[in-house]
Amino acid sequence: MSARESFNLDEALRSLDGVQLAKVSGRLVRVSGMLLESLGCRRMTGQRCLVELADGSMLEAQVVGFNRDITYLMPFKKPVGLTSGSRVFPARDQALLQIDSSWLGRVVNGLGEPLDGLGKLAGRDPLPAELPSVNPLRRRPVSEPLDVGVRAINAMLTLGKGQRVGLFAGSGVGKSVLLGMITRQTKADVVVVGLIGERGREVQEFLLHALGPEGLKKAVVVVAPANESPLMRLKATELCHAIAAYFRDQGNDVLLLVDSLTRYAMAQREIALALGEPPATKGYPPSVFGLLPELVESAGNGENDKGSLSAIYTVLAEGDDQQDPIVDCARAILDGHIVLSRRLADVGHYPAIDIAASVSRCMSQVSQPRHLAAARQLKEFSGTYDKIKELIPLGGYTPGMDMKTDRAVQLAPAIERFLRQDVGEGAELDACITALRGLAGA
């Protein structure tokens with residue numbers, strides 16, 4: 001045998017080392033709700049697997065934990081058709097999603113699969129599978145105002161480009177309607193919307209009424225309704241943050257809207273409790289309160305001089321409890337909170353923003369001193385009137401006793417008109433500030 005033939009034979013033998021002689025698989029030993037348990041194959045947390053169904057098709061799942069030899073899996077879709085002993089295969093390495101401007105105008109699920117029937121998504125840039133992170137010392141500060149088109153917010157709770165703020169309210173007080181107003185009227189290059197854990201009916205309504213055909217052209221909508229698995233809801237929330245960060249780093253002013261942050265926390269609660277994590281506060285395990293800051297910190301401005309990422313999250317206050325653990329956690333990690341009041345909603349005051357209970361922590365960085373002084377003055381007048389308005393019908397208020405109180409009572413109707421706004425009405429930032437200063441006499 002010649003040296004060349006010997007070399008070729010050695011190469012051929014070495015190439016056989018990479019040939020898989022048997023397909024490694026585990027087996028399903030238990031199904032409890034959305035949690036699957038398998039034996040017989042070592043897998044890493046976060047790895048995707050394929051579980052064989054009775055009809056021979058495959059159910060995609062992800063490793064969420066393990067206990068000695070038992071591997072815990074959570075499926076992305078409803079686990080129907082599983083049998084005892086079903087084979088579990090490790091999925092091939094998942095290719096990263098590819099993204100570019102062709103994603104604008106599309107509606108996708110938590111895995112980046114299109115839901116709008118417009119064909120496969122294309123792209124030229126890889127989209128990271130993990131949440132984006134920015135070095136805090138290199139993050140560009142919030143220094144420019146953000147015009148959201150809502151008079152009460154623009155004038156009294158001015159937001160900045162790169163700020164992260166929450167809409168706090170109980171159910172049925174107008175969070176989604178206000179979010180729709182902000183979506184239509186905010187001046188942004190790209191809008192990324194995450195509809196997480198909400199009613200499926202609201203998805204189409206949001207696309208038709210909140211965004212509209214023109215708004216959809218510059219938007220990417222990520223959907224995971226309430227009937228999706230908790231893992232899909234988590235993935236959808238993280239995906240919309242990754243998409244928003246991508247467009248921010250391309251130099252765009254991006255508005256990220258997530259409805260709602262509470263449903264994201266509930267999805268993590270379902271997974272953690274299924275894995276046996278003990279509940280800590282109102283049924284929420286400790287991992288929820290570690291996951292929320294990680295998610296919120298992935299939003300905001302990046303390192304580039306151009307581009308911004310402003311985020312607005314709706315937060316459900318169960319039973320209008322402003323001390324709810326998720327409400328309290330969100331208030332601590334966000335850059336401001338806008339509280340919607342059921343008392344105002346009940347008397348037809350929309351948007352039902354309680355300016356006394358709300359705050360924008362970046363307002364002082366993006367507003368002029370005269371604007372800040374006028375906002376404080378109007379807030380003081382409103383607070384003074386709220387203290388005595390129940391006494392007026394009872395004869396407990398006598399005009400002329402206190403000039404500040406007299407002024408508050410005199411301005412109360414004008415302040416109420418100023419803070420109200422119809423759903424289809426626009427409100428430019430500069431016009432709001434001018435009207436505010438005229439009302440407060442600043």
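Is Glu380 buried, partly exposed or exposed? Glu380 is partly exposed, with a relative accessible area of 34%; buried means under 20% relative accessible area, exposed over 50%, and partly exposed in between, with a 1.4 Å probe and protein chains only. This is a predicted model, in which local features need pLDDT of at least 70, side-chain atom pairs count only at pLDDT 80 or more, and totals for chains, interfaces and linings use all residues. Residues are numbered from 1 along each chain as its sequence is written, and side-chain values use heavy atoms, with hydrogens and water left out.

Glu380 forms a salt bridge with Lys404, with the closest N and O atoms 2.9 Å apart; a salt bridge is a side-chain nitrogen of Lys or Arg within 4 Å of a carboxyl oxygen of Asp or Glu. Because Glu380 lies in helix H11 (residues 369-388) and Lys404 in helix H12 (residues 403-419), the pair ties together parts that are 24 residues apart in sequence. Helices (H or I, at least four residues) and strands (E, at least two) are DSSP runs, numbered from the N terminus. Lys404 is partly exposed at 43% relative accessibility.

The structure holds 24 salt bridges. Another of them joins the side chains of Arg164 and Glu297, at 3.4 Å from N to O. Arg164 belongs to strand E12 (residues 164-169) and Glu297 to helix H7 (residues 286-297), so this pair ties together parts that are 133 residues apart in sequence. Arg164 is buried, with a relative accessible area of 9%, whereas Glu297 is partly exposed at 39%. Both residues belong to a network of salt bridges that links Arg139, Arg164, Glu297 and Asp335. Asp249 and Arg248 also pair, with their closest N and O atoms 3.1 Å apart; Arg248 is buried at 4%, and Asp249 is partly exposed at 40%.

The second topic is the largest pocket, which has a volume of about 1100 Å³. Of the 37 residues that line this pocket, the closest to its centre are Gly46, Arg48, Gln62, Ala129 and Lys235. Strand E4 (58-67), helix H5 (230-249), helix H6 (261-274) and H7 each give two or more residues to the lining. The largest share, 6 residues, comes from H5. At least three lining residues come from each of domain 1 (19-90) and domain 2 (98-367), with bounds from an automatic or database domain assignment.A pocket here is an open set of points on a 1 Å grid over the protein atoms alone where a 1.4 Å probe fits, with protein on both sides within 12 Å along at least five of seven lines; lining residues have an atom within 4 Å of a point. The volume is the space filled by probe spheres set on the points, which are joined across faces, edges and corners.
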